Amino acid sequence: MKIKKNKIICGDAIDILKQIEDNSIDLGITSPPYNKGEKNKGWLVKNVKYQNNSDAINENVYQDQQIKVLNEMYRVIKPGGSFFYNHKIRWDKGRMYHPIEWLNKTKWAVRQEIIWDRMIAANIRGWRYWQVDERIYWLYKPIDNNLIGKELESKHALLTSIWRFPPERKNGHPAPFPLVLPTRIIYSILGDTKAGIVIDPYVGSGTTCLAAKLLGFDYLGIDISSEYVKDAEKKIKNSEKYKGVVEEEKGLHYVEKTFQERKKNRENTGKFRENNETQVKLL
Ligand SMILES: C[S@@+](CC[C@H](N)C(=O)[O-])C[C@H]1O[C@@H](n2cnc3c(N)ncnc32)[C@H](O)[C@@H]1O
C-alpha cells in the first residue's frame with residue numbers, strides 16, 4: 001500500500017482508494033452521505049449538513065458515484081473479506097429509493113441486510129409511519145465464486161439481524177455512528193485475532209477507526225472535510241476514554257452452547273420460546 005496505515009486522510013474517497021493496493025484490506029465499514037436532499041425535508045434533516053459537500057445531487061449521479069466507490073472498495077478488500085455499508089430507504093416526491101437498487105449493480109455479493117433500529121429519527125411528519133430504521137448491508141467478496149463464505153461464530157450470530165441502539169449524540173459531527181456499531185462489526189468479523197486493517201472511506205468523526213484501534217486492529221480513514229479529520233484524529237488519540245463502550249459490547253457476544261452443540265443435543269436453535277434464556281438475555 002502506498003498509503004501508511006493508522007492514518008485519517010483528508011481527500012475524496014475515490015481518489016484516495018485508487019492509491020491503495022488490490023486485496024490489501026481485511027474489512028470495510030462506512031456510512032456515506034445519503035443524498036437526502038436539503039429542501040422541504042423539515043428542520044431536523046436540514047440541520048444534518050456536512051462541512052464540505054452538498055447532500056442534494058441528482059439521484060442518478062449519486063447512485064453512479066456510490067457504485068464507483070463500492071467497486072473500488074471491492075478491489076481493495078481481500079477475497080473472503082467484507083464491507084458493511086450503512087444506508088437507508090429514502091423517498092423523493094413519492095418515489096422510493098432502496099439501496100439494493102445500486103448495490104445489485106456492484107461486484108459485491110449481498111450477504112445480509114441488517115436492520116438498525118435507531119428508536120429515534122429526524123422525520124416527524126405523518127406521510128408514513130415514523131421511519132426509525134436504517135439498514136446495514138453486509139457485503140462479501142467471494143473466494144473462487146463461493147458466495148457463502150465462512151460461518152460466523154455462534155456468539156456473534158446470535159445477536160440477530162436487528163440491531164437496536166440509539167444514534168450518537170455527544171459528537172460535533174452531524175451524523176456519527178454510535179461506537180457500538182463498528183465495534184459489533186469488527187469484533188464479529190475479525191474476533192480476537194488483533195491482526196488486520198479496517199477502512200472507512202467516509203470516516204467523519206472517526207468512529208470506525210476508533211473502534212478498530214480499541215479492538216487492537218490497524219485502520220485507515222478518509223474524509224473530504226479537514227475539520228472532521230482533525231476531530232477524528234483527536235478522538236483516536238484519546239481512545240482510552242471510550243474503552244468501556246467496547247468492553248460492554250464484547251460482553252454481549254457469548255453463548256452457553258454453540259449451534260453445533262445444540263444441534264447434536266437436538267435442542268432448539270431457532271424458534272423463540274418463553275424459556276429460551278439465551279434469546280431473552282441477548283435482546
Ligand atoms: C454519514 S457521514 C459519516 C459519519 C461517520 N460514520 C462517523 O461515525 O462520524 C459521511 C461523511 O462523508 C464525508 N464525505 C462526503 N463526501 C465525501 C467524499 N467525496 N469523499 C470522502 N468523504 C466524503 C462527509 O464529510 C461526512 O463526514
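# Reading a predicted fold

In the protein chain, 71% of the contacts with a separation of 6 or more join residues 24 or more positions apart. Two residues are in contact if their C-beta atoms, placed from the backbone, lie within 7 Å. This is a predicted model: local features need pLDDT of at least 70, side-chain atom pairs count only at pLDDT 80 or more, and totals for chains, interfaces and linings use all residues. Residues are numbered from 1 along each chain as its sequence is written.

Q: What makes up the protein chain in helices and strands?
A: The protein chain has eleven helices and ten strands. Both are DSSP runs, numbered from the N terminus: helices are H or I with at least four residues, strands are E with at least two.

Q: How do you know what confidence the predictor has in the protein chain?
A: Look at pLDDT, the predictor's confidence in each residue, from 0 to 100. The protein chain averages 89, and 87% of the residues score at least 70. Over residues 279-283, pLDDT stays under 50. The model has four contacts beyond four places in sequence for that stretch. Where pLDDT is low, the predicted coordinates should not be read in detail.

Q: Why is isoleucine 9 called partly exposed?
A: Count the C-beta atoms. A residue is buried if 20 or more other C-beta atoms lie within 10 Å of its own, exposed if 12 or fewer, and partly exposed in between; C-beta atoms are placed from the backbone. Isoleucine 9 has 17, so it is partly exposed. Isoleucine 9 sits in strand 1 (residues 7-10). Setting aside residues up to four places away in sequence, isoleucine 9 touches Ile3, Ile16, Gly221 and Ile222.

Q: Why does asparagine 23 count as exposed?
A: Asparagine 23 has 12 C-beta neighbours inside 10 Å, so it counts as exposed. Asparagine 23 belongs to the loop between helix 1 (13-17) and strand 2 (25-30).

Q: Why is methionine 119 called exposed?
A: Methionine 119 has 11 other C-beta atoms within 10 Å, so it is exposed. Its place is the loop between strand 6 (109-117) and strand 7 (133-140).

Q: What makes the phi values of asparagine 23 and methionine 119 worth a look?
A: Most residues other than glycine have a negative phi. Asparagine 23 has a positive phi of about 50° although it is not a glycine. Methionine 119 also has a positive phi, near 70°.

Q: How do you know which strands of the open sheet stand at the edges?
A: Start with the order. The open sheet has eight strands, 1-10-9-2-3-7-6-8, with mixed pairing. Strand 1 and strand 8 each have a single partner strand, so one side of each is left without a neighbour in the sheet. On average, neighbouring strands of this sheet are turned by 20° against each other, direction ignored.

Q: How do you know that strand 7 pairs with strand 3 and with strand 6?
A: Two strands pair if DSSP finds at least two bridges between them. Six bridges join strand 3 (residues 77-87) to strand 7, and they run antiparallel. Eight bridges join strand 6 to strand 7, again antiparallel. Tyrosine 140 of strand 7 is the bridge partner of serine 82, and alanine 109 stands opposite tyrosine 140 too.

Q: What makes strand 6 and strand 8 a pair?
A: They have three bridges, in the parallel sense. Tryptophan 116 stands opposite tryptophan 163 in strand 8.

Q: How do you know that helix 6 is mostly covered?
A: Nine of the eleven residues of helix 6 (residues 180-190) are buried. Among them are Leu181, Ile185 and Tyr187. The buried residues of helix 6 pack against strand 2, strand 3, strand 8 (162-164), strand 9 (197-200), helix 7 (207-214) and helix 9 (243-251).

Q: What makes up the largest nonpolar core?
A: A nonpolar core is a set of buried Ala, Val, Leu, Ile, Met, Phe, Trp, Tyr and Cys residues joined through C-beta atoms within 7 Å. The largest has 53 residues. Ile186 and Leu215 are among those that touch the most other members. Helix 6 gives the largest share of this core, six residues. Leaving aside neighbours within four places in sequence, leucine 215 is in contact with Thr183, Ile186, Tyr187 and Val246.

Definitions and conventions: Axes are lines fitted to C-alpha atoms, for helices over the stretch in contact, and angles run from 0 to 180 degrees between N-to-C directions.
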